[in-house]
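Reader: I am new to this structure and would like to learn how to read its features. Could you take me through them slowly?

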Amino acid sequence: MMHTVTDAIYSDVPRNPRGQPNAMLRALYRAHLADPRRQTTRQGLWIAVLVYLLFSISDLLLIPDVASITVTIRFIISAIMLAAMEWQVRRGGSADAIDATAALALVLAYGGWVSSALLTAQTEIMSYYMVFGAIFMMSIGLFFNFSFRLSLMASAVIVFLFFSALLSFPQEGQVYKLTFGIFCLSCFIFTSYVNWKLNHERYHVFLNALAAKARQEEAAERGEELLRLSNTDPLTGLANRRAIDATLRDYWRKWQSAATPFAVFLIDVDFFKRYNDHHGHLDGDRCLVRVAGALRDLSTRHGAALGRYGGEEFIVVVGLNRDEDVAAFAEVIRGAVEGLALRHEQRRDGTATVTVSVGAALTKDDSAPRVEKVIHQADRALYSAKAAGRNCVKLFDPDDPNNSDDSENIAALLKIAIAQDLVSMVYQPVLDLSGGQPAAVEALMRLRMLDGAPISPSTFIPVAERTGAIIELGQWAIRRACEEILVRDQALVVSVNVSPLQLQMPGFAAWVALTLSEFGIGGDRLAFEITEGQDMEIQSSLLRCISDLKSLGIKIWLDDFGTGFAGLSWLRLIDFDCVKIDKSFLHGSGTSKGAVMLADIVRLARNIGARILVEGIETEEHLTLMHRLQVDLGQGYYLGRPAPVGTMRARMSGYPAAAG
């Protein structure tokens, strides 16, 4: 409706002032001015009557012989017309009717006065006194907000009465009558034009005001729409991270002020990246929309707040107060998604449908004074659900080792690790098995607590990945490996493990190029290891980054080959310089089935043209098997343990591989 009015307004602003107004806008204009016109006309008539009655003094001074008649007529007409108008006002009469009454009052007032005043014997004085009839025309045209048509009609009647009175003076000359007639017509034309102009301007003032109001309302609507969009996930239509964070704060304030408990559920679609890899992003989006729809229906029924928390992760916030209720609701969430029966054949975990893992946390009396605590607890519960095999629910339990506060402590430690010199590098040799000579060393990061106690990489690396600290740590590791190994020529090549977050970071390849230039090192002396088991999508940006790195001469190695599901796709899309076969295949080669599997995976890696490196060589038998399979490179405790750079060279002498 508002757009229709706006269009009509712009079309009705006439380029030609005589253009016909839009009927709809004219109706709006009349309706808009109805109440103000009633009040203005009422007030105007009362003032006009007061002025009209004050002119009784002029009657007494100029035409005293008939003053009693004229004054009486003034009061009678004033009383009748005021009574008529007040009656209309109290009865809710229309503005047009009240205007007509006021116009009639002015005409009758002039007609009653002039007809009685003409009875005077003071004809000469009266001939001049008649000029005051122009005041009535001016009041009709200027003093009231009459429509142009009503003003024209009333003024025309007064002109007629004026000329009729003028002709009643036969003794006056023709020049007098002509002069006064021209004066009366001039007043009529002038007041009529001014009235037309005022009506025209009032209408356009109304149009401008209406247009401004329409624009303001449209701007408000657009603002509300933009606010809605800023709080809405564009894919699923759910509340986005920003909106759900605001909802969480509302729940938290109620918890803090009125002890109203609530539960937070983090929901993650199991193996969603594999679903995307197989079906494509469009089907992946449809999957998320279907899951969001099921969660929306469930949340609506239970009065819960629902939002998309990121990628394939959703969040539900609902008022609950018992662990049993939280666990039951989490199971309802899991079952609602499983009930969609969306096919997902790429899982390889015995389930062929889309499912979710759910982590839940309930506010407790001992909760920290920040809402982030509950979110973090739900996130740790979700991690526990994934570790338990997925497609299950877990409620935060502080006694569960997977839900311990160690990760929080490690996350805090990682923020100061570089500055406090808590992180260091050790290096493990990689041998060329054909000649027994060191071919490279692998840089491995180590972390210790403030008291010197070591922290396992399997513990702190996932925390660094989750918190983003791996970006700074990864850059530090590359620079330290260059400083300690390549600048000092401690090895021909050093390999460094690279996180998916680093490869997806804009400008990573350029930063590497600057680092190599700073140390004066050729890119062919640096290798980056990408772990197949890492949950990383192969995107065009990642492939471009790897291509840029290879253009610098940097070698790209595939680490832990065989432990994930994306290895074959990676081998097809990325030209790896080296494939590192996970040690589990070597350690499982003691059986005939394991030996065949190891030989097959070595053959598969060899067919792509990359050098083959087998990890986990820990015995003489392992080394002998590597020679038999003609493996290029080897790494393991039997060939050399990780060591700081100071002791690495001493340990790299006399390898048993030389005797192989």
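Author: Strands (E, at least two residues) and helices (H or I, at least four residues) are DSSP runs, numbered from the N terminus, and two strands pair if DSSP finds at least two bridges between them. This is a predicted model, in which local features need pLDDT of at least 70, side-chain atom pairs count only at pLDDT 80 or more, and totals for chains, interfaces and linings use all residues. Residues are numbered from 1 along each chain as its sequence is written, and side-chain values use heavy atoms, with hydrogens and water left out.

Reader: Which residue in S3 does Phe265 stand opposite?

Author: Phe265 faces Val316 in S3. Strand S1 (residues 263-269) and strand S3 (residues 313-318) are joined by six bridges in the antiparallel sense.

Reader: In what order do the five strands form the open sheet?

Author: The order is S2-S3-S1-S4-S5, with mixed pairing. Strand S2 (305-310) and strand S5 (393-395) are the edge strands, each pairing on one side only.

Reader: Which strands does Helix H12 lie across?

Author: Contact means heavy atoms within 4.5 Å, while axes are lines fitted to C-alpha atoms, for helices over the stretch in contact, and angles run from 0 to 180 degrees between N-to-C directions. Helix H12 (residues 281-302) lies across S1, S2 and S3, and runs at about 0° to S3. Helix H13 (residues 323-338) also packs on the sheet, where it touches S1, S3, strand S4 (356-362) and S5, and its direction makes about 160° with that of S4.
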